[in-house]
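This briefing looks at aromatic rings and at charges placed over them. Please look at the sequence and the structure first.

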Amino acid sequence: MTMWRLTDADWNSWPDGLDDQQVFTQAADLGLAGIELGVYEPSVELAPSRLAHLTRIVEQTGVPVSALLLSLPQGRWPDGALSGDGDRLVTSVAACAAVGRELGLDVLGVWPGADPAGADVVPALQRCVDAADGLRLAVEYKPATAVATAGEALALCAQVPGLGVLLDTGHAYAAGEDPAEVVDRLGDLLLHCHLGDAPVGGDDDDLPCGRIHDFTSFVDALDASGFAGSASFDLYGAVSSGRISGAEAVRESRDHVLSRRV
């Protein structure tokens, strides 16, 4: 069985105000295999001073930086990202990729939240794939954006050589999809996963895994697919609601997912 890695994301702890030391220590205590870093501005989240600090924390905890996600929300890209300022976007992708290479990563996730349904994102995605330069670019789809479904993500991959997909199970459930079927449809184009739960239409719920859906079929499909990357918990919506802490949400999700791995 392929041993994909179960990891956390630092943004799950942002609402609780945890610092990097606490985030990585928590992941070590929970037996998770890495931390995905959320990036809005590479000059901030990937500043040299922070990376130097993270190097020391990684050495201390044994928990590596396992992935990077460049998030492109509407608030920071009011005129669109993939459909807006292409030069600024390419600069951001290149900066993330440079850090990714230093960290030994092979995938860079991109969430195009600022681009509305119907936006032409193909030319910019091709520029981003080129700018990633040694890392595979994985586009994260989400309902009500320019890349709303697995089908739309697959169509983009057919138009943009080298592009892959980031599957967020919560987004898939919100779109009315079965993540297990999506894994099968994506095949080798599946580069990274985010794990969370949601009802249909609950695009931003980010519930702990198992709250609504049983993840057995998804875990089985991921195991059978040959996927050898990482799957990070993405539970920001639930944690930011104030009804559960990041540690509680991650622990609940971890327990549900691990109970499905046999």
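Which residue lies over the face of Tyr-40? Arg-76 does, at 4.2 Å from the ring centre. This is a predicted model, in which local features need pLDDT of at least 70 and side-chain atom pairs count only at pLDDT 80 or more, while totals for chains, interfaces and linings use all residues. Residues are numbered from 1 along each chain as its sequence is written, and side-chain values use heavy atoms, with hydrogens and water left out.

**Charges over rings**

- A charge sits over a ring if NZ of Lys or CZ of Arg is within 6 Å of the ring centre and within 35 degrees of the ring normal.
- Arg-261 has its charged end over the ring of Trp-4, 3.8 Å from the centre.

**Aromatic pairs**

- Rings of Phe, Tyr and Trp (its six-membered ring) pair if their centres lie within 6.5 Å; planes under 30 degrees apart count as stacked, over 60 as edge-to-face and the rest as tilted.
- The count by this rule is 3 aromatic pairs.
- Tyr-173 and Phe-215 are an edge-to-face pair, because their planes are at 65°; their ring centres are 5.8 Å apart.
- Phe-215 also forms an edge-to-face pair with Phe-218, at 6.1 Å centre to centre and 85° between the planes.
- One aromatic cluster is formed by Tyr-173, Phe-215 and Phe-218.

**Burial of the cluster**

- Buried means under 20% relative accessible area, exposed over 50% and partly exposed in between (1.4 Å probe, protein chains only).
- Tyr-173 is buried, at 7%.
- Phe-215 is buried, at 1%, and Phe-218 is buried, at 1%.
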